[in-house]
Amino acid sequence: MNKPASDRITEFDKRHIWHPYTSMMNPLPAFTVESCEGVYIKLEDGRKLIDGMSSWWSVIHGYNNPVLNRAAHEQLDKMSHVMFGGLTHRPAVELAELLIKITPEKLQHVFFADSGSVSVEVAMKMAIQYWHAKGKPEKNRMLTVMNGYHGDTFGAMSVCDPVNGMHSMFEGVLAKNIFVEAPQCKFDAQWNEKYISQMKNALAENHEQIAAVIIEPVVQGAGGMRIYSPHYIKRLRELCSEFNVLLIADEIATGFGRTGKLFACEWAGITPDIMCLGKAITGGYMTLAATLATTDVAEGISGNGGVFMHGPTFMGNPLACAVAVASIRLLLEEDWQARVLKIESIMKENLFTIKTVLGVRDIRVLGAIGVVELENSVDMAEIQRMFVDKGIWVRPYGRLVYIMPPFIISEKELNTLTETMTEVIREYLSL
Ligand SMILES: *Cc1c(COP(=O)(O)O)cnc(C)c1O
């Protein structure tokens, strides 16, 4: 078979394949990847890019990692998949054991889902079933904050930012959930009770209809890349308990060390009733997510003989579970925290150099997350081309130019990534 020429790939792709949030009539060009290695994305045209995105938060150990490759090969030789109804297997059990061990102690029960969005659906269904089983079926709405992002499926969309979220055209068909202002207290700022007063009032007024509060602890991801005070989460935990509402922590982006703690809830020292994990769970090798619940939630759902109503075809996929086990062990074996802190200090040093550049609104860094917020939305095609021409992979969203590199990035590579990023932003803003 003839290997199709690179421009044929690009052409076919452009005409027939949807990419995330793209038009079929007028798509932006997609670069063709030949292979990836460590922190590098290699394009078919021979160019090598330093990856600033970790393929959307997930590739924490870098691409083509020998340890993860071995785990995948070994599992592949046993079974790639087997159904989870009525059957179980070592990779799922080992992964559940690990997740239970490293997350807050009360989270003891694991549901394996196939993507982050599905794990959010599962979390919300758990909360609703919990109250149903307790004889309170009217507690079936979600309360959340603005600027959230929880995924693209219908339930998840219903708790994403309703205004500048990606889903406003579906407003009429989505569940009517309750929104309050996004946390306004900056990460290090002095706490003031006024920061949570809207949330408190919403709980006081509506708690009899609310099943759960769902929130991304400490860092709001795709809905605005906002970083806020852990004290907010601490108070939110107290308020949820006070008003008999479950707390769902969506740690799909923040989990597995990204913020400088293994899980962002640790910044506040709290335990949510339900926790969603995804993205970095397999080190970015394949899709897998998990929803963890406390024994109170699990037993509540199963009260009066109830069963939890969800079970996807590829639930607990052994190949994904085996790689996840290897990825988490690899993370824990290394001094991941020192690596993340080092990334944080280099990003602080290099990104803040453009703080006063005209057109830059704000710069935020926490753990291995670096955000440059601009005054105006970028021309994606233009700035993307500028990044690629200079050898880095950065994928902005609206006004946000942000990076979350693989933890294995070297000091030299990170300096190149951040210095090139600021150089491109300066250049772009002066155009
Ligand atoms: C990415 C993300 C999701 C959705 O996960 P998918 O795997 O894309 O479905 C949900 N919540 C948060 C916080 C995320 O960052």
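I began with the second largest pocket: domain 1 (31-64 + 335-429) and domain 2 (69-333) both give residues to its lining, so the pocket lies between them. I note here that I am working from a predicted model.

*Domains.* I looked up how the chain is divided. The domain assignment gives domain 1 as 31-64 + 335-429 and domain 2 as 69-333. I then took the centres of the two domains over C-alpha atoms and found 27 Å between them. To the contact, domain 1 brings 25 residues and domain 2 brings 30 residues.

*Pocket.* I went back to the second largest pocket for its volume, which is about 460 Å³. Next I checked strands. Both β9 (226-227) and β13 (360-366) supply at least two residues each to the lining of this pocket. Sorted by class, I have the lining of the second largest pocket as 10 nonpolar, 10 polar and 7 charged residues.

*Helix pair.* I turned to helix α4 (residues 90-102) and helix α11 (residues 318-333). They pack at an angle of about 40°, and their axes are 8 Å apart. I recorded the crossing of α4 past α11 as left-handed. On the α4 side I wrote down Pro-91, Ala-92, Glu-94, Leu-95, Leu-98, Leu-99 and Ile-102; these meet Pro-318, Cys-321, Ala-322, Ala-324, Val-325, Ile-328, Arg-329 and Leu-332 of α11. The class count for this contact is 13 nonpolar residues, 2 charged and no polar ones.

Phe-154 is in helix α6 (residues 154-157). Which residues does Phe-154 touch, not counting those up to four places away in sequence? I found Glu-121, Phe-170, Val-173 and Leu-174.

Methods: Residues are numbered from 1 along each chain as its sequence is written. This is a predicted model: local features need pLDDT of at least 70, side-chain atom pairs count only at pLDDT 80 or more; totals for chains, interfaces and linings use all residues. Side-chain values use heavy atoms; hydrogens and water are left out. Axes are lines fitted to C-alpha atoms, for helices over the stretch in contact, and angles run from 0 to 180 degrees between N-to-C directions. Helices (H or I, at least four residues) and strands (E, at least two) are DSSP runs, numbered from the N terminus. A crossing is left-handed if the near helix is turned anticlockwise from the far one by less than a right angle, and right-handed if clockwise. Contact means heavy atoms within 4.5 Å. Ala, Val, Leu, Ile, Met, Phe, Trp, Tyr, Cys and Pro count as nonpolar, Asp, Glu, Lys and Arg as charged, and the others, Gly among them, as polar. On a 1 Å grid over the protein atoms alone, a cavity is a set of points where a 1.4 Å probe fits but cannot get out, and a pocket is an open set with protein on both sides within 12 Å along at least five of seven lines; lining residues have an atom within 4 Å of a point. Grid points are joined across faces, edges and corners, and a volume is the space filled by probe spheres set on the points. Domain bounds come from an automatic or database domain assignment.
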